[in-house]
Amino acid sequence: MPKYLCLQRSLPGGQAHGDKPSPAQMQAMYTKFNEWREKFQNNLVDLGGKLGAGRLAAPEPPPDGPLIEVKELVGGYMIVSAASLDEAIEVARGCPGLVRPGSGVEVIEIHAPG
Amino acid sequence: MTSRLGDNFFRHEYGRLVSMLVRRVGIRHLEAVEDAVQAALLAAVESWPKSAVPENPSAWLYRVAHNHVAGELRRQIRHGELAGQHARAAMDSTNDAPGALLTGDVRDDLLRMLFASCDDAIPIESQLVLALKTLCGFDIREIAERLFTTEANVYKRLGRARARLREAPLELVDLTNEQLASRLAAVQAILYSLFTEGYLSSHAEGAIRRELCDEARRLAAVLAEHPLGATPETFALLALMHLHCARMPARQDGSGGLLLLEEQDRSLWDQEAVQIGLCWLARAAEGDVFSRYHAEAGIAAEHCLAPSFSETRWDRIVECYALLERLAPSALHTLNRAVAVAEWRGPAHGLAVIEGLEPPSWLLGSYLWSAVLADLHGRSGHAELAAQYRDAALRSAPCQAVRTTLERRLRAR
C-alpha cells in the first residue's frame, strides 16, 4: 500500500496559547490514543512525533525578503500506509488531538520509487 | 495492547508527584512543582503510547518532573528571581539522586501536603480548592464545576492559598503537639467538606458526585493509616463516609428523580460499603472520644442497619442528633432532630422541637425548612399552615428534581 506523510499544522482560529489539559483530560486523551493506535495498527508505519528546534539550509547568497519557516506551521509528523488518500485521511483524522480548532493535518502521498 | 494504568492514574499521580516534589524543594515552589508535574504527565501521554509504558510508570514521571522543576529553579536563580538561601536550599535537594523513592514515603508526603494546606490563615473555601487542585489533581475549570462557582472565584481562592503557603511554609517538625492536634481537626474538617460536596451535590452527573466522595474516602484512609491521623475522630469520619456512600445507589430513580428515604429500594444499598463503615465505626468506638463525626456515623449506621423505613430505630437516631447538636450546634441539626422525633413519636412532638427555634436566615430561606414544616403541619392536621409552607418550599426549591419530589411528598399526606 502507498505511504502518506501526515503533517500536523496550525490553522487560523485556534487558541493563542497552547493546550493545558487537566490530568483527567490527559487520561481521556491517553485512552483514546491507545484505542486509535490499536484500531489502525496495520496502517501506522511511523508514529513520528512532535518537532523541535531546527534550521534552514539554503544556498548562498540567501534569498531576499521574509521567509516563513515550515516549522512555524508544522508541529509534528507521522507516516501511515493506506490503500488511498481517503483512507489515509481517515486514519489521520482519527488520531486524537490532531484535528481541532487551530490545528489540522495535511496528508500527502509519498511517491514510491519506480 | 490495552492500557494497564488505573482509571484515575493521571489525576492521582498528579497528587502524588506534587506532594513528593513539594517535600523535596519546599512548598514555596508549589507553582513551579505543579507546572513540572503537568509537563511530565503530558510527556507521558505523548510518548508512552508510542514507546510502551515503562516498567515503573511512577518513577518515570517523578524523574521527568524532578528534572523539570530543577531546571526551572536554576532558571530562576540565573535570573535573580530566587533569593540566596532559598535558592541554595532548593537546589541542594534537587541535586539528590531520585534514587530510593516511591516507598511508603508517598503517603507521608500526601499527608504533609494535606496538613500544610489546612493552615487556619487560609480561608476554608481556599483550603478546599487547594486540596482539590494539589491532591486530587482537578484543574480550575473542573473545580469550579464541582463547587458550583466561577473559574475566577476558584482562581482567586487558589491564589490566596498559594500566597499564604509562600509566606509561611509549614515545617511539621516545628509544630507543637497542640498545634498538630488542631491542624488534624482542620484536616478532618476539610475531608468532611470534600465529602459533603460530593454527597450533597446537586450536580447532574452521578459519576462526578461519586468521584468527590471517593476522593474524600481515599485521603481519609491515608490519614487513618498514619500514626498522626489514626484517631477515633478520623475512624468515625471514615465510617460516616462509607455508610453514606453505601446508600447513594438508591437515592435516584431511573430518570434521575430524587427518592425519599422511605421510597428507596434498600436492596440497592452497597452492603460491602456498609460493612466497611461498621468496621471503622467499631474502631472509632474504642476509647472515650465522641465527636460530631461519631454522632453522624451513628445516624447513618442506624439507617443502614434498618431492614425497612418502618423498622428504623428512630429513638437512637434522635439521641444521636441530640449529641450532634451539642457538639456542633446548628439549626440544621435541630431541624433534622425534629424530623426524627416526628418519626419516633408523631408530628406534634416534631413540631415541639422546632417551636421557639429562631432559624438563621439562610435556613429560613431554604426549601428544607419550609418542607419540614409543611410536612409536620400537614400530618398534624393544620391544613392551612401546611399549604402556606408547601408553597414556600416549592418556591425555594433549587431544581426541578427537588420540586418534583416535594410535590409528591407534600401532597401524599
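**Confidence**

The model is predicted, and its scores are ipTM 0.84 and pTM 0.88. In chain A the mean pLDDT is 90, with 96% of the residues at 70 or more; in chain B the mean pLDDT is 89, and 92% of the residues reach 70 or more. Residues 97-103 of chain B have pLDDT below 50, and in the model this stretch has nine contacts beyond near neighbours in sequence. Where pLDDT is low, the predicted coordinates should not be read in detail. Among the elements of chain A, the lowest mean pLDDT, 91, belongs to β2(A), while the highest, 96, belongs to helix α2(A), residues 85-94.

**The interface between the chains**

The contact between the chains involves 26 residues of chain B and 18 residues of chain A. The size of an interface is often given as the accessible area lost when the parts come together. For chain B and chain A, about 1800 Å² is buried between them, and 58% of that area lies on carbon and sulfur atoms. On the side of chain B, Q38(B), P49(B) and K50(B) contribute 31% of the area that the chain buries against chain A, more than any other three residues.

**Chain A**

Chain A holds two helices and four strands, which follow one another from the N terminus in the order β-α-β-β-α-β. Along the principal axes, its C-alpha atoms fill a box of roughly 50 × 45 × 20 Å. One backbone detail in this chain is the cis peptide bond from E60(A) to P61(A), with omega near -10°; P61(A) sits in the loop that runs between β2 (44-50) and β3 (74-81) of chain A.

| Helix pair | Crossing angle | Axis distance |
|---|---|---|
| α1(B) (residues 9-25) and α3(B) (residues 57-78) | roughly 50° | within 10 Å |
| α12(B) (residues 271-284) and α13(B) (residues 292-305) | about 140° | 11 Å |

With axes that cross at roughly 50°, α1(B) and α3(B) are therefore oblique to each other, and α1(B) passes α3(B) in a right-handed crossing. Residues of α1(B) in this contact include F9(B), E13(B), L17(B) and M20(B), and those of α3(B) include L61(B), Y62(B), A65(B) and V69(B). By class, the residues of the contact between α1(B) and α3(B) are 11 nonpolar, two polar and two charged.

Phi of A52(B) is near 80°, a positive value in a residue other than glycine.

Terms used
Residues numbered from 1 in each chain as written. Chains lettered and ligands numbered in written order. Predicted model: local features only at pLDDT ≥ 70, side-chain atom pairs only at ≥ 80, totals over all residues. Heavy atoms only, no water. Axes fitted to C-alpha atoms, helices over the stretch in contact; angles between N-to-C directions. pLDDT = per-residue confidence, 0-100. Contact = heavy atoms within 4.5 Å. Buried area = accessible area lost by both parts, 1.4 Å probe. Parallel < 35°, antiparallel > 145°, perpendicular 65-115°, else oblique. Left-handed = near helix turned anticlockwise from the far one by under 90°. Nonpolar A, V, L, I, M, F, W, Y, C, P; charged D, E, K, R; others polar.
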